[in-house]
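Welcome! Here is a friendly walk through one protein model, taken a piece at a time. Please have a look at the structure below before reading on.

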Amino acid sequence: MSAIPFSSASTSIRHPIFTNNASSSSSSLRLRTSFLALPLKSHHNSNLRLQFPAQRTTRHTNNGVPVCMSMEAGIGVMATKLGMMSFFEPDGKVVPVTVVGFKEGNIVTQVKTEATDGYSAVQVGYRRVRDRKLTKPELGHLEKAGAIPMRHLQEFRLVNVDGFEPNQRLVFNELFKEGDLVDVSGITIGKGFQGGIKRHNFKRGPMTHGSKSHRALGSIGAGTTPGRVYKGKKMPGRMGGTKRKIRKLKIVKVDDELNVVMIKGAVPGKPGNLLRIAPAKIVGKNIPKN
C-alpha cells in the first residue's frame, strides 16, 4: 500500500505509546480530519502507512445540528420514588405502576453554553434543604442563580439551550403528558456481598448422594494455561448499589392534585430514592435512523 499524500492542513501529534527515542520521525502519529495515519518502516517501502478511521464524537445529526450519543432527547426532571401499586385502566386491565412524587425543586440553577463552558447543558436542582446542610461554595453557586438551597444538582446535555434561564422552575405537566415514554435512572437497592447463585444466577450442586459442592463457585479457570483468572470472571462480590437506567417506560397517569406521576413497571431503588426522568431516546422519533 503506497503512501497517501496529506494536505497542508494536516497536523502531527506525538503520542506516548508511539514514541521512539531512536527514531522520533518515524514514530509520530499523524492526525487528519477523517483518517489516522501511522507511518511504518518496511524493508520494501519506507513510506507505508496504516489507515484507521478516526473516531468521531458525533454519531448523527438532528436537522443539520450534530448530536452526541451522550445528549438527552430533551430536558428532564428529578423526582422521588414513593412505591408501587396496581392501576386499573378504563378497559379493566390491571397495570403495575410505580408512583413517583416531587419535592420542592426542579429549578434551573445554571445554563451552560458552547461559549462559556465548551458544551451546552442545563443544570437543574432538586429537593430543598436548610442552609447549614450545604457548604459555602454550594450556597454561593445557588445564590448566584437566585435559587433556593437544594441538595441535588444534575445536568441535562442538550443540543439547544435557548429558552432556559437561571431560577426557572420546570413543571412536569408542561414537559410530559400521559402516554409519553421516558427513561428513568436511579441507584439500585444495595444487596451487599453476595455469592454466585444470587449475583449471577448460577446453579447449585447436588445436595445429597455424597456431594460436597452445594453453593460453592467451582472452577474459575484452567491450570498452567493460561495460568491466571480472566478479567470479568463472574464471581461472588458486591451486588447492587449501582446506577441503572430503565428505558422506554410509559407514563400511565399524571395526578395534578396529589402531585404524583404513575409510571408503568418498576424503576431502580427503594421508596425515597432519587430518580432522574428524561424523554426516551427513540430511533426514528427523536434520533435519526442513520
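Let us begin with strand 16: 4 of its 5 residues are buried, so this strand is largely enclosed by the rest of the structure. Buried here means under 20% relative accessible area, exposed means over 50%, and partly exposed lies in between, with a 1.4 Å probe and protein chains only. Strands are DSSP runs of E with at least two residues, helices are runs of H or I with at least four, and both are numbered from the N terminus.

A word on the source: this is a predicted model, in which local features need pLDDT of at least 70, side-chain atom pairs count only at pLDDT 80 or more, and totals for chains, interfaces and linings use all residues. Residues are numbered from 1 along each chain as its sequence is written, and side-chain values use heavy atoms, with hydrogens and water left out.

**Around strand 16**

Val261 is buried, with a relative accessible area of 2%. Among the residues that Val261 touches are Thr98, Val99, Phe172 and Ile251, leaving aside residues up to four places away in sequence; contact means heavy atoms within 4.5 Å. Phe102 is also touched by Val261, and the two are 159 residues apart in sequence but 8.8 Å apart in space, C-alpha to C-alpha.

Strand 16 has strand 8 (residues 94–101) as an antiparallel partner, with 5 bridges joining them. Strand 15 also runs antiparallel to strand 16, joined to it by 4 bridges. Two strands count as paired if DSSP finds at least two bridges between them. Strand 15 and strand 16 form a hairpin with 4 residues between them, and Asn259 in the turn has a positive phi of about 60 degrees.

**The barrel**

How many strands close into the barrel? There are 6, in the order 7-8-16-15-12-17, with antiparallel pairing. On average, neighbouring strands of this sheet are turned by 50 degrees against each other, direction ignored; the axes are lines fitted to C-alpha atoms, for helices over the stretch in contact, and angles run from 0 to 180 degrees between N-to-C directions. Strand 12 and strand 15 run antiparallel and are joined by 6 bridges.

| Residue | Opposite residue | Strand of the opposite residue |
|---|---|---|
| Leu181 | Lys250 | strand 15 |
| Val97 | Lys264 | strand 16 |
| Asp255 | Val260 | strand 16 |

Another sheet, an open one, is formed by 3 strands in the order 9-10-11, with antiparallel pairing. Strand 9 (105–112) and strand 11 (150–157) stand at the edges with a single partner strand each, so one side of each is left without a neighbour in the sheet. The twist averages 25 degrees from one strand to the next. Helix 2 (residues 136–145) packs on this sheet and touches strand 9, strand 10 and strand 11, its direction making about 85 degrees with that of strand 9. Strand 9 pairs with strand 10 (residues 121–128) over 6 bridges in the antiparallel sense.

**Nonpolar cores**

The largest nonpolar core has 27 residues, and those with the most contacts inside it are Phe172, Val184 and Ile277. A nonpolar core is a set of buried Ala, Val, Leu, Ile, Met, Phe, Trp, Tyr and Cys residues joined through side-chain atoms within 4.5 Å. Elements giving two or more residues to this core include strand 7 (77–88), strand 10, strand 12 (181–187) and strand 17 (274–279). Apart from this core lies another, of 8 residues, among them Val129, Leu139, Ala147 and Ile148.

Where is the cis peptide bond? It joins Thr225 and Pro226, with omega of about 10 degrees. Pro226 sits in the loop between helix 4 (196–200) and strand 14 (237–239), and Asn201 lies in the loop between helix 4 and strand 14 too. Asn201 has a positive phi of about 60 degrees although it is not a glycine, and Asn201 is exposed, with a relative accessible area of 67%. Lys248, in strand 15, has a positive phi of about 55 degrees and is partly exposed, at 43% relative accessible area.

**The whole protein**

Stepping back, the protein has 4 helices and 17 strands, and 32% of its 290 residues count as buried.
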